[in-house]
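I opened this model to go through its chains one at a time. My notes are below, in the order in which I looked things up.

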Amino acid sequence: MTSEILSIKGVSKRFGGLRALDDVNLNVRQGSVHAIIGPNGAGKSTLLNCLVGRIIPDEGSVTFDGGSLLGHKPHQINQAGIARVFQTPEIFGELSVMENVMIPAFARKDGAFRINAWSRARERGAVREEAEHILDDLNLWDQRDQLVNSMSRGDKRRLELAMCLVQHPKLLLLDEPTAGMSRADTNNTVDLLKKIAERGITKVIIEHDMHVVFSLADKVSVMAQGTVIAEGTPEEIKASPKVQEAYLGGAHL
Amino acid sequence: MAETPPARSLEIGRAVLVPTLTQRLAEAPARKVADTSLGKPNGADDAARRCTRIFQTSAEGSLVGSMDAIILQILNGLDKGGAYALIALGLTLIFGTLGVVNFAHGALFMLGAFCAVTFSRLLTISERVRDESVTFFEAYKEIPYLTLWYGDTGQAIVDWAVPLSILLAIPVMVLIGFAMERGLIRFFYKRSHAEQILVTFGLAIVLQEIVKYFFGANPIPMTAPPALAGSADIGALVGASNISYPMWRIVYFLFSLAVISMVFAFLQLTTFGMVVRAGMADRETVGLLGINIGRKFTIVFGIASAVAGLAGVMYTPILAPNYHLGMDFLVLSFVVVVVGGMGSLPGAVLAGFLLGILQSLASMTEIKSIVPGIDQIIIYLVAVVVLLVRPRGLMGRRGVMEA
Amino acid sequence: MAIDTSAWSRRRLLKTSAALGAGLATPHFFVRNAWSQDQAFCNNPTGGNVVLGFNVPQSGPYADEGADELRAFQLAVQHLNGEGDGGLVKTLQPSSLKGNGILGKKVAFVTGDTQTKSDAARASAKRMIEADKAIMISGGSSSGVAVAVQSLCQDMGVMFMAGLTHSNDTTGKDKRRYGFRHFFNAYMSGQALGPVLAEEYGKDRKAYHLTADYTWGWTQEESIKNATEALGWETVEAVRTPLGAGDFSQYLTPVLNSGADVLILNHYGGDMVNSLRQAVTQFDMKSKQVGGKQFEIVVPLFSELMAQGAGEAVKGILGTANWDWKLDNEPSKILAKSFGEAYGSPPSQAAQTCYVQTLLYANAAEKAGTFYPPELIKALEDFEFDGMGNGPTLYRGSDHQCFKDVLVVRGKENPTNQFDLMEIVKIVPRDQVTYDASIFGGDLGPYEVKGCAA
Amino acid sequence: MSESVMTRDKNMSKGMGRSPAESHAPKGEGLRGFMSSSRSDYLLLAIFALAILTMPIWLAPIGAGYPDILQKFAIFGIFALGFNILFGFSGYLSFGHAAFLGTGSYAAVWMFKLLSMNALIALIFAIAVAGVFALLIGYVSLRRSGIYFSILTLAFAQMSYNLAYSVLTPITNGETGLQVSGSDPRILDHMFGSPSGRGTPDFFGMELQGWPGFYFCAILLILAFFLTMRIRNSTFGLMLFAIKSNQNRMNYTGFATRPYLLAAFVISGMYAGLAGGLLAVTDPLAGADRMQWTASGEVVLMTILGGVGTLLGPVIGAAVMKYLEQIFSSFNEGFLHRAFDFLPSGLQDFMVTIVSPFVGEGWHLTLGLMFMLVVIFLPGGIMEGLRRVSGRFKGDRGAADTAAHAGH
């Protein structure tokens, strides 16, 4: 067995005449933090969508943890161990923070459907305990009873991260976790991500902020026009003239 | 006792009958031939034979007979579909631009019909004359001033009341639309669909109760102008034999096409239309462009209201209007809109005509005998099938009204 | 609305029903035992009032007909209480009416909305019985409602005097001991209409039926089919149309090419208005010739309001009616005058039947000397009477159907005034429409029921 | 069974101690009671039960203290409670729930005809048949969401209605409605030698008309309320609320949402079946009108009027609508003149003229106006109104409480 947890081979996707993904190949090592960078419209988010089952590729294969992901529904892919943080937080706005975190915790416990009308949600002790831990870890404990809709944008992102982490995923997909954040918030998020790196969860991060990328990633893939044009360690990428030309020229380093 | 047929027809006294009468008498033998070729169905349950009758060619020309029947049913479907399409068009316009589920749209159709009633009542404002023929109690009969003052010309205006009332209906319906949008609907753009449904349904009830208060619950007969009443032989037009079809229904179909074309032309050719279409495609972007959508929305609502109203005006000779008319069309129009695809104008028109024609065809005795009751459920059955095969209706866009 | 036309009559009515309020407000819950001990039947009136319940459609398509029925009920209550001109209280033969209420108690009434739905009608009737303590329920503008309310009244032990209901079932397979119908039925329509049709249109005709697809439509179709086929007519086709279809064009188009030369519309209310108007003014059927014969349209059951709704289209159309205000007899004239003076229009046949039913109930109570329903029922069963405008009439005991002359009417070609919509073609004598009660089956049920007093 | 659950619940809540969520409950009532304590739940249940059972007393002064209307309050309360499980909890708006009401009624009457007049058998059968029917319709309809789902349910219900009215008359008895009759087989009753003569449904000998009928319905309403409360507080209920809030996230969280939705659909269909069965039990006649779209629309309106997603709202909404339909429609001019009798004659006539368009045959007008006013001024329905009123009564104390929570 290889140490690769995720392996993308020859994935292509067309929307009408547009080639959104063109023969993408990518391998993510177990336990690594793998960043995908590239200009807007390079196909990064489309690739993530292929991974979580929102989009089905026209060609190619995606293997995760020894099994194929293609043809599976989003919820099945999540049950296989992939969790995703979205660009705009996908959370339960009308529920409390605690409930938001308890729901994914339940999913891990009994992801399959079960009507348990008689069990009061708040009395599922183990689940609650786990949720409390995560909230504590991510500094959300004080807000646990707050309605999510009334939270700040940064807090919402943190919550979404908490919702993913409580599931103990094998692979965590992060779609621009710091987009639109102030420098201070960004730094906090980086610290947070470093902290959870200690848990050994494999991560794939899409990010524009090179500072974030280079402080977190073990490996970087550069995408442009639907395909991977370069891959390597952060240092290699920084040094690559090809990348400089294609992408980094206009970026803040 | 029994009068002789020609004298009887003359006595009914509709001008149009006289010239067509001789023609009709001449047709009679030909019709007789066709009649016999159809065969006399005496067992109303012999489904197989009926099947044969429509679908199979036979030497005696029963195909011609059944083709006639099918053509007639398609014509039926077209005028029915015209009404469905017009109502659905306005509903989609409101929904697509404003994002409002308007349960009062059927009521707008009904109000249009009552514009025609009011207009013809205004034309026939009458002098009250003591009616001497009623002896039991004091009763009055009424003679329209128009007739009293202008004689035949006045009478002609009265006769043409329904088409003429379009002139009244357009401004009135546009104003009603404006009032509804400014006074009520605009406060509900950001509210949930459930609340929109509740408030517009409440409004629909209030509107129909007001109409009931003034016009009673009984249907009110409205007549087409004499020249357009009765039926016309359109067989010659389509190259088939002996198809006569009510003239007013043909007028209605053409009218609906005209209104639909006008709405589409307006949306395609004017700057205003462009903005509206852009708004239907992506409301937020248009808002970001700094265009005052509020004003535009009001006008769109006015147009939608006028379209529904016109559909109602011209429908009065086909269906005697009563205060309940709107509710009867409400569910149907929503089914049409959804089958067409929420937010798609061409879809609404297409679905309107499609459902009209299918409904007519399903009402054929031959088909009913194969599937009893099919005419009662066809619309809903089609809706279910379309929605299962095409998740967003015939021409709907992804993501509209799915959450 | 229309009630407003006669302020004076309204005012007087209000006084008569004035004392009702107090009774209404008392919670039923507490008084139940009080009266169930000494009087063993439902809603035996204890005070100075007796409450009648009038259950008519006040919303929905038949609201105008319901309003007319309600006017008739109000007029009947006035007359029973000895107010107004007395109306037909004076002409009923034989009469036990005294013109001072019923059994000395003032008549008061409560009203309810049936919405022309069985559920709503039964709920409304139950309210009148349980909350308002009505001792009799009357009204209704459709057979489904009448049958539903009638069976409820049987269970509750309260008399039901049906209003407009024309289905054979009401006094046929769904007849009840506590239910009585003055209106005629589809079978009688067929029996009366058949010979006139043969006379007017000949015996060699081919009929095409369009039938409203529910029980009343079916019984009427069957009755007319039987009657016309017995005369030698042929039935080409009988097509069922959905109730409330509105646009009937898809059912009308095949008619002319089917070889039929008579169209029979087994429709009522809005359906009839629309199908008839579409057939006449749009498909121009009345001016067509089929096989050398003039094409004809027949509407077996007519009503004035429908004729109004159909407008011009109704001219020359044959049908039947229970009663018409232009009938040339003294009681009809008195009723038309009394009603016309009060409300500005002559009574419809629905109004007349409701008016008569109310008087007949009161008369039966006077005759029996009690409100006890079984006695009252016996007083009505096989009651032979006259003076209500329909000529000599029998309330047959075996099915609670009234037998009287049936009118064959025709939409008037040249109406002399706005109320003159129909002309009477023939008064078909009672004998000709009488039938054996056993042909429709059904079971009246017991006289004694546990009722609401239990 | 329920007793053991209750004891378990008490122990649990004692063991858990009082979490911050509990003290938060009053403020969050608009939301859900998911985090509320079992103690406050049982208090609510007790108050609810008391209020329902004493309705004959406290509703009498407004003319609604008679059995039939109170039965209707209870029955339509059950109907709306069930509907709210689907619409209020999961956000899926069904426009065809009347189909299950009608199916329940037909099923119950057929049990009366074939087996026994015992209400229990009829109700079980009604719930089962409605549940199966809901499973079929729900399975197909839930393939779509949003308005497409609504129209699919509407289409199925309208097809059922149209067919029940006409073609299916042998099963439904069409327009007249399905009734019991003396000649029905009633196999069980005959087997055990107790054929009920009158054809009145009973509950082991107790005839369920009039007041006994009301108490029977009322107890079932209280049970239904209790069950709804449990569903709301369960993980299952939490999942439904989560689906309503963000279905996408549910999918990416590993939940297949459709089974949850289908379960909610079937449960609410069974509530409708129970309501339909009770309609037949209190009045053994089942008509097709019950399946018409207007009846489906009615339960939607009841729920929104009372307050979507709240526990009590749908029950209140149902009662208000039935009250308008039954009582307002019965106010004729005579009644108004008596009501305004205390006024001088001229003023009395004036008041009657003003009020009469809104009552009697004008009751629909009042209904329409009420819908509009409630939506405009009370977006959360009647429950929102009650909350505001109670908030005002509490005044400063309430404000202080909120502040205290905020500082927690």
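**Conventions**

I am working with a predicted model, in which local features need pLDDT of at least 70, side-chain atom pairs count only at pLDDT 80 or more, and totals for chains, interfaces and linings use all residues. Residues are numbered from 1 along each chain as its sequence is written, and chains are lettered from A and ligands numbered from 1 in the order in which they are written.

**Chain C, overall**

I counted 15 helices and 17 strands in chain C. Helices (H or I, at least four residues) and strands (E, at least two) are DSSP runs, numbered from the N terminus. The radius of gyration of chain C, taken over C-alpha atoms, is 22 Å, close to the 22 Å from the globule rule for 454 residues, so chain C is as compact as a globular protein of that length. That rule is 2.2 Å times the number of residues to the power 0.38. Along the principal axes, the C-alpha atoms of chain C fill a box of roughly 75 × 45 × 35 Å.

I then looked at burial. A residue is buried if 20 or more other C-beta atoms lie within 10 Å of its own, exposed if 12 or fewer, and partly exposed in between, with C-beta atoms placed from the backbone. By that test 68% of the 454 residues in chain C are buried. For contacts, two residues count if their C-beta atoms, placed from the backbone, lie within 7 Å. Of the contacts in chain C with a separation of 6 or more, 72% are between residues 24 or more positions apart.

An unreviewed UniProt entry annotates residues 51-412 of chain C as "domain: Leucine-binding protein". UniProt positions are given in the numbering used here, feature names are shortened, and annotations may be inferred rather than shown by experiment. The span 51-412 of chain C is 41% helix and 20% strand, and its end C-alpha atoms lie 40 Å apart.

Most residues other than glycine have a negative phi, and most peptide bonds are trans.

- The peptide bond from Q93(C) to P94(C) is cis, with omega near -15°. P94(C) sits in the loop between α4 (63-80) and β2 (106-113) of chain C.
- T116(C) is not a glycine, yet its phi is positive at about 55°. T116(C) belongs to the loop between β2 and α5 (118-130) of chain C, and it is buried, with 24 other C-beta atoms within 10 Å.
- D284(C) also has a positive phi, near 60°. D284(C) is in the loop between α10 (269-282) and β9 (289-290) of chain C and is buried, with 25 other C-beta atoms within 10 Å.

**Nonpolar core**

Which residues have the most contacts inside the largest nonpolar core? I found V335(B), V158(C), L276(C), I78(D) and F79(D), in a core of 472 residues. A nonpolar core is a set of buried Ala, Val, Leu, Ile, Met, Phe, Trp, Tyr and Cys residues joined through C-beta atoms within 7 Å. Leaving aside neighbours within four places in sequence, the contacts of V158(C) include I129(C), I137(C), C153(C) and Y178(C).

**Chain D and its contact with chain B**

Chain D has 21 helices and four strands, and 59% of its 408 residues count as buried. The contact between chains D and B takes 34 residues from chain D and 32 residues from chain B. On the side of chain D that touches chain B, α8 (146-165), α15 (293-306) and α19 (363-377) of chain D each give two or more residues. α8(D) gives the most, with 11 residues.

**Helix α5 of chain B**

In α5(B), 16 of the 19 residues are buried.

**Two residues of chain A**

Is D142(A) buried or exposed? D142(A) counts as exposed, because it has 11 C-beta neighbours inside 10 Å. D142(A) lies in the loop between α4 (125-137) and α5 (153-165) of chain A.

A107(A), in helix α3 (residues 97-109) of chain A, counts as buried with 25 C-beta neighbours inside 10 Å. Apart from neighbours within four places in sequence, A107(A) is in contact with Q167(A), T253(D), G254(D) and F255(D).
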